[in-house]
Amino acid sequence: MKISPSKLISLLFFIFSGYYLYTAYQIQVFAFDENAPFNAKTFPIYLGFAGLVFSALYVILPETNPTDVDLKVLDYKKTIGLVILMILYGLTILRAGYFLSTSIFLVASYIILGERKWIWIFILSFPFVAIFMYLLHGLLNIYLRDPFLKYLGIMG
Amino acid sequence: MIEGILIGLQTALSLKNLMMVMIGCFAGTIIGMLPGLGPMTAIALMIPITYGFDPSTGLILMAGVYYGAVFGGSTSSILINAPGVPGTVATSFDGYPMAQQGKAGKALAIAAYSSFAGGTISAIFLLIAAPSLSLVSLSFRSPDYFGLMILGLTAVAAFSSKGNFLKAMMMVVLGLMLASVGQDTLSDIPRFTFNNMNLSDGISFVLVVMATFAMTEALTLIFKAKDPTKAAKQISLSQLGSIKLDKTETKKMVTTIPRSSVLGFIVGVLPGAGATIASFLAYGMERNFVNDEEKQKFGKGSVNGIAAPETANNAACSGSFVPLLTLGIPGSGTTAVMLGALLGFGIQPGPRLYQTNPEIFWSVIMSMYIGMVVLLILNLPLIPYIARVLATPRTFLIPLILFFSLTGVYLMSFNNFDIYLMIGIAVVATMLRLYNFPMPPLILAFVLGGLMEENLRRSLLISDGSWTFLWDRPLTLIIMLTILAIVGWQIYRSFFDKK
């Protein structure tokens, strides 16, 4: 039996709703709130049931307008590359600081996407981030923690 | 009243104050364009600067910043599908598709004209009926608000065409589920936090909207880069930046603006409802008003689809000043910051302000309006240049969209957990979007989720668990009947009308 991707997603949503509903029932409410008409778990329980109903209906009923996606034309390499790059950005931002990690993130993403105009790659990374930081930190007084710039003595 | 208006105008039109409003509009537009920084932050940032000014000058500067930030938010919504504030989410539904068709200048111009028109009409309402409308705002109770939230959710119908109703409903439930993460508002009991401190405050709006709109858009552009049907069209810069509207487009706006203004203003007057609900309601209402041919264009770059939410959110901004100035009740985060600023200047808003200090009352209203006029004059000539952002090669544009999304979220919390969460949501949303699961219902439900639960809780507690609150009061009954009529009509159209 072949199942369409949309139905498969709905099936996953059905499982997710089931788990959500189970977790909603596990929410610990205060003893005096247990029999109240509305407590912390009432709304999530309604939502869990609603999720189960809608996803089950989608799985059971025939699809009136199935979505057809040609998986062969999708560019997995660049997309996964950028997602990994963003995760690495998240890993480095607190250690290396905003300036260095953001600038390197931008340079690497331009290169991943196939850009080779090096002057523009440079302008739209290090100087661009520096100007943006000045706008936030210098003009709008929004503090951006940056151990790297602090080490260089540029930022307090 | 006329005397008060003239005094207000005289103050607002002095050279010094005009300079202030221009600076305010410019600064507000820049701040509003940055993800994560909306009108509330923009005004809050201005408070220390205005301390040395006299009250009217300070308020005029803030008025400029306020409207500038709202326009700036619409700009990033339309150009890069990154609505930084909830009030401009509905603008992106049609603004971004229109920009993608090479009509970015036109989309921005429609937004600017509609905002201005919405602001003008609502300013007239404010002049005529502010004191009496404050009483209307107090007549709304929790059941009515709950009904209003459901009415807002009927805008989902706009995304449930072509057999996608169940997909849209699943996205609504997912949006409400995401909104339920974090501490319960009344009892502070943690829900779905899995003992993670980073989730105890819930998931921020900026995170969800950046992940499901801007970041998903960027990832989809890369994902489908090889798809021959998605090949980018070559558009000339003059076409991209053109702000000319033809007769048909102007006619559409002329019919949309009055009804969206009235709706936006009324919703704005209600404390807690605000620009977001107004814009969603106006979008849904407009789709129900237009003919079948126009209805098909919704979500694909409809003129009405941009004009309606833009008019309504600006009208709601003006409307939110009714409870603030006449009752001293701030109806939204932005007006709460404004209240702080007014108190800082020694002005106590409330019923007595209108009677004892009419000149201040009218100065505030006039300065808000002057701010809007200046914004239109300043920004219209800039639109062709702002629109050129879209002419940036994709190899640069996509990383820059990702940069703004990541920075917007980092600025909210300064931790990397939110970055990972955003990446996770964006990856899931990209897959969902690939199979036509619509994202706007998710964001609509996410925005309304908290308010909906709060008002349902109050209503059920007051009625001791009985659902009769849905028809006990005439106002609630009218709202519920409107909802039933809209939903019934949509079901009839989907299943029985073969046209």
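**Architecture of chain B and its interface with chain A**

Chain B contains 23 helices and 2 strands. The model described here is predicted. Of the 499 residues in chain B, 58% are buried. Among contacts in chain B between residues at least 6 apart in sequence, 80% link residues at least 24 apart.

Helix α2 of chain B, comprising residues 15-33, has 19 residues. The distance from the first C-alpha of α2(B) to the last is 27 Å, close to the 27 Å expected at 1.5 Å a residue. The buried residues in α2(B) include B:N17, B:M20, B:V21 and B:G24. Also buried in this helix are B:C25, B:A27, B:G28 and B:T29, together with B:I31, B:G32 and B:M33. An α-helix has 3.6 residues a turn, so residues three or four places apart point the same way.

Helix α7 of chain B spans residues 165-179 and has 15 residues. Its reach from first to last C-alpha is 21 Å, close to the 21 Å expected at 1.5 Å a residue. Helix α7(B) is mostly covered, with 15 of its 15 residues buried.

Chain A is divided into domain 1, residues 5-64, and domain 2, residues 75-152. The centres of domain 1 and domain 2 of chain A, taken over C-alpha atoms, are separated by 40 Å.

Between the two chains, 53 residues of chain A are in contact with 50 residues of chain B. On the side of chain A that touches chain B, two or more residues are given by each of α1 (5-26), α2 (42-60), α3 (76-96) and α4 (98-112) of chain A. The most is given by α3(A), with 10 residues. By class, the residues on this side of chain A comprise 34 nonpolar, 14 polar and 5 charged.

One helix pair that joins the chains was considered in detail. Two packed helices are described by the angle between their axes and the distance between the axes. Helix α4(A) packs with helix α19 of chain B, residues 394-413, at an angle of about 145°, and the axes are 9 Å apart. The crossing of α4(A) past α19(B) is right-handed. From α4(A), the contact is made by A:T102, A:L106, A:S109 and A:Y110. The partners from α19(B) are B:T395, B:F396, B:P399, B:L402 and B:F403. The contact of α4(A) with α19(B) has 6 nonpolar and 3 polar residues, and no charged residues.

Methods. Residues numbered from 1 in each chain as written. Chains lettered and ligands numbered in written order. Predicted model: local features only at pLDDT ≥ 70, side-chain atom pairs only at ≥ 80, totals over all residues. Contact = placed C-beta atoms within 7 Å. Helix = DSSP H or I, 4+ residues; strand = E, 2+ residues; numbered from the N terminus. Nonpolar A, V, L, I, M, F, W, Y, C, P; charged D, E, K, R; others polar. Buried ≥ 20, exposed ≤ 12 C-beta atoms within 10 Å, placed from the backbone. Expected span 1.5 Å × (residues − 1). Domains from an automatic or database assignment. Axes fitted to C-alpha atoms, helices over the stretch in contact; angles between N-to-C directions. Left-handed = near helix turned anticlockwise from the far one by under 90°.
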